[in-house]
Amino acid sequence: MIFAILCPFSQAELRAPLSDDEMTNGRQTLAPLAALQDQVTRSTALILNKKDKVVATLTWVGKDGYFITKASEVPRLEECSVKWGNAPKAQVREIRRDTRHDIVLAQAIHMPEVPAVSFISSKNLSFGQWIAAPAAGKALKIGVISAKRREIKGFGAAMGIRMDDKGMDKVGVRIIGVAEDSPAAAAGLRAGDVMVELGGEKIRDFRRVNEIIFKRQPGEEVEIKYQRNNKEASLQVRLASRTKVLANWDGEDFANGGISIRTDNFAEVLQHDLPLNPLDMGGPLVDLKGRAIGLNIARVDRITTFALPGELFWPMIQQWIEADRHPPKAQPATIPPPTTPPVSSPKVTP
């Protein structure tokens, strides 16, 4: 009773209502970033799959429609389309992939002139330095470099299945468990299915399955033939990093927004704390002057995103573009001159 007299109002009633400005960083804080946001978001576009679902972000690297993105997110890039601003959706021509850095170069066909990005060296970046990146194709996220640049070792690829370690009487390996939100689950495999062929090879031992998968990269697709209810079928599984699959086996989504298909096996990365989504990978990482210093390449967890340093891949991309724009001219076929039969002297009859 005494408490009620002393505190006649609820906590909700004691809170003053907040204006729209107070519920954001405030217009005065955001105003200096408006030009940067426009510049950065215009230098990117969204990649859509056949169902018009966003699968990745791209960064323009040539005004005539050349772009780069995260390769493992788009294994069938030429089946995708590009959406940039109010321009019509454009078809895609894939040019070249680099599995070491998980980058693919392609071109949006018949795309109007776009603002191309040139990457600079990131070697002068320091721990705690402010950086920015596009999100969802329109927003700008601000954060800091949160760790020292370093190599991220690879631990192989995985499908996300548990297999019976007992051999089958006939060819095949039985699946006894499928991880939540795993490549196997996304492809449609279930516990009880019997794999009979993997990547074109007939299998009957779970160890051989591990050997085949270990030799492949996260993001690669592998064909599986399997039996279910005495019927045989096949499907494609897009592999993921083993670390991603094991860390999220029960589908907890500790990253609050998902994890990239490939999260490791990078020669060098810049680590930052921008709250990006896996679909934002392939977009540029910039400093507050708008200079592109890296390419966002993997969302690892809620507070960790990796970016490739610009100096690691930019010279290679420039060479690829130049080679595609100016392919070597075909050499004319060398035709040997016709051989003229020797002219015989007229025979003189005495």
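**Rings and cores**

Reply: Start with Trp314, which is buried, with a relative accessible area of 9%. The model is a predicted one.

Me: Why is Trp314 called buried?

Reply: Buried means under 20% relative accessible area. Trp314 has 9%, so the label holds.

Me: What makes Phe119 and Phe313 an aromatic pair, and why edge-to-face?

Reply: The whole structure holds four aromatic pairs. In this one the ring centres of Phe119 and Phe313 are 5.0 Å apart. Pairing needs centres within 6.5 Å, so the two rings pair. Their planes are 75° apart.

Me: How do you know that the Phe119 and Phe313 pair ties together parts apart in sequence?

Reply: Phe119 is in the loop between strand S6 (103–108) and strand S7 (130–135), while Phe313 is in helix H8 (residues 310–325). The two parts are 194 residues apart in sequence, so the pair ties them together.

Me: Are Phe119 and Phe313 buried or exposed?

Reply: Phe119 has 6% relative accessibility. Phe313 has 0%. The limit for buried is under 20%, so both residues count as buried.

Me: Why is the pair of Phe119 and Trp314 called tilted?

Reply: Their planes are 55° apart, with 5.4 Å centre to centre. Stacked takes under 30 degrees and edge-to-face over 60, so 55° falls to tilted. This pair also links distant parts of the chain: Phe119 in the loop between S6 and S7, and Trp314 in helix H8, 195 residues apart.

Me: Which residues have the most contacts inside the largest nonpolar core?

Reply: They are Val61, Ile68, Leu105, Phe119, Phe313 and Ile317, in a core of 28 residues. Several elements each supply at least two residues of this core, including helix H4 (34–42), strand S3 (66–70), S6 and H8. H8 gives the most, with six residues.

Me: What does Leu105 touch beyond its neighbours within four places in sequence?

Reply: Its contacts include Val61, Ile68, Ile317, Trp320 and Ile321. Among them are also Phe67, Glu94 and Arg96.

Me: Which residues does the second core include?

Reply: Phe67, Trp84, Ala87 and Val92 are included in this separate core of 21 residues. Ring pairs also link Phe67 and Trp84 with Trp60 into a cluster.

Me: How many residues are in the protein, and what share is buried?

Reply: The protein has 350 residues, and buried ones make up 43%. Its elements are eight helices and 21 strands.

Methods. Residues are numbered from 1 along each chain as its sequence is written. This is a predicted model: local features need pLDDT of at least 70, side-chain atom pairs count only at pLDDT 80 or more; totals for chains, interfaces and linings use all residues. Side-chain values use heavy atoms; hydrogens and water are left out. Rings of Phe, Tyr and Trp (its six-membered ring) pair if their centres lie within 6.5 Å; planes under 30 degrees apart count as stacked, over 60 as edge-to-face and the rest as tilted. Helices (H or I, at least four residues) and strands (E, at least two) are DSSP runs, numbered from the N terminus. Buried means under 20% relative accessible area, exposed over 50%, partly exposed in between (1.4 Å probe, protein chains only). A nonpolar core is a set of buried Ala, Val, Leu, Ile, Met, Phe, Trp, Tyr and Cys residues joined through side-chain atoms within 4.5 Å. Contact means heavy atoms within 4.5 Å.
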